[in-house]
Amino acid sequence: MPGGWAELLVGRRELWLELASSEWLPVEVAWRLLAEADRPVLVELAEAQPDPGVLAALAAHPSQHVRQAVGRNPAAPPAVLADLLNDRPPLESCEVCERHPVPWTHPPDCPDPDCELPGGAACDGSHQYARHTIVEAALGHPAVLAALLRELVTAEHNVATLRAVGGPTLTACLRDRRARERAAVHPALPLDRIRALLADPATAHLAAANPALPAADLLRLMPPP
Ligand SMILES: [Zn+2]
Ligand SMILES: [Zn+2]
């Protein structure tokens, strides 16, 4: 009864959470869950489902938690990770602005006993904390370097995309020989990284070409008159 087990069980809603967490779940059943299930089931599906089409749809889900879970799925392909890294399509809301008028930052001495928001939660309308958690999840994925390279190639034609990628992603690029040269000259690379590259004779010429490097750092390299 190949695949038939899932067709039988999907009629029982109370089993959806367990069905969704199976990597053997047939893709037709995965699509049905995607259309009908609520968020906890979709988070399980996003972590376990190997089908790239289903994963692409889950990576575009309005919930930050579902997107984050896709980043933890070992089967997530580079194209899907690239979407997570680049906020494609843009996240329209997050758990902070769904509950509080923005800008809002989670107070360290939160007075609400029922509050489930994490310590660093904040939103200024850009859902920055939610975006950060999605990017962190994607950056931890083994296929992320392939995704970053793909983005860097695309970014040759679209500077805005690469600017949106931001410091953490560019820092990750430095680990890859092929991506390093492009990341090293990008102005969004954090200054401490640029300075580390400048200190290394093999990469100093790249760091020196980075427009974000302050002139004072360059002058320090000059031999005294
Ligand atoms: Zn709170
Ligand atoms: Zn928000």
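Among the contacts in the protein chain that link residues at least 6 apart in sequence, 48% join residues at least 24 apart. The structure is a predicted model, and its protein chain holds 14 helices and 2 strands. Of the 225 residues in that chain, 34% count as buried.

In soluble globular proteins, nonpolar side chains tend to be buried together. Here the largest nonpolar core comprises 55 residues, and those with the most contacts inside it are A20, L33, L42, L45, L58, V70 and L81. Because domain 1 (4-142) and domain 2 (159-225) both contribute residues to this core, it lies between them. Leaving aside residues up to four places away in sequence, L58 touches L34, L42, L45, A46, V66 and V70.

| α5 | P52, L55, A56 and A59 |
| α7 | V80, D83 and L84 |

Sorted by class, the contact of α5 with α7 has 6 nonpolar residues, no polar residues and 1 charged residue. Which residues of α7 take part in this contact? They are V80, D83 and L84, which face P52, L55, A56 and A59 of α5 in the contact.

Note on methods. Residues are numbered from 1 along each chain as its sequence is written. Chains are lettered from A and ligands numbered from 1 in the order in which they are written. This is a predicted model: local features need pLDDT of at least 70, side-chain atom pairs count only at pLDDT 80 or more; totals for chains, interfaces and linings use all residues. Two residues are in contact if their C-beta atoms, placed from the backbone, lie within 7 Å. Helices (H or I, at least four residues) and strands (E, at least two) are DSSP runs, numbered from the N terminus. Ala, Val, Leu, Ile, Met, Phe, Trp, Tyr, Cys and Pro count as nonpolar, Asp, Glu, Lys and Arg as charged, and the others, Gly among them, as polar. A residue is buried if 20 or more other C-beta atoms lie within 10 Å of its own, exposed if 12 or fewer, and partly exposed in between; C-beta atoms are placed from the backbone. A nonpolar core is a set of buried Ala, Val, Leu, Ile, Met, Phe, Trp, Tyr and Cys residues joined through C-beta atoms within 7 Å. Domain bounds come from an automatic or database domain assignment.
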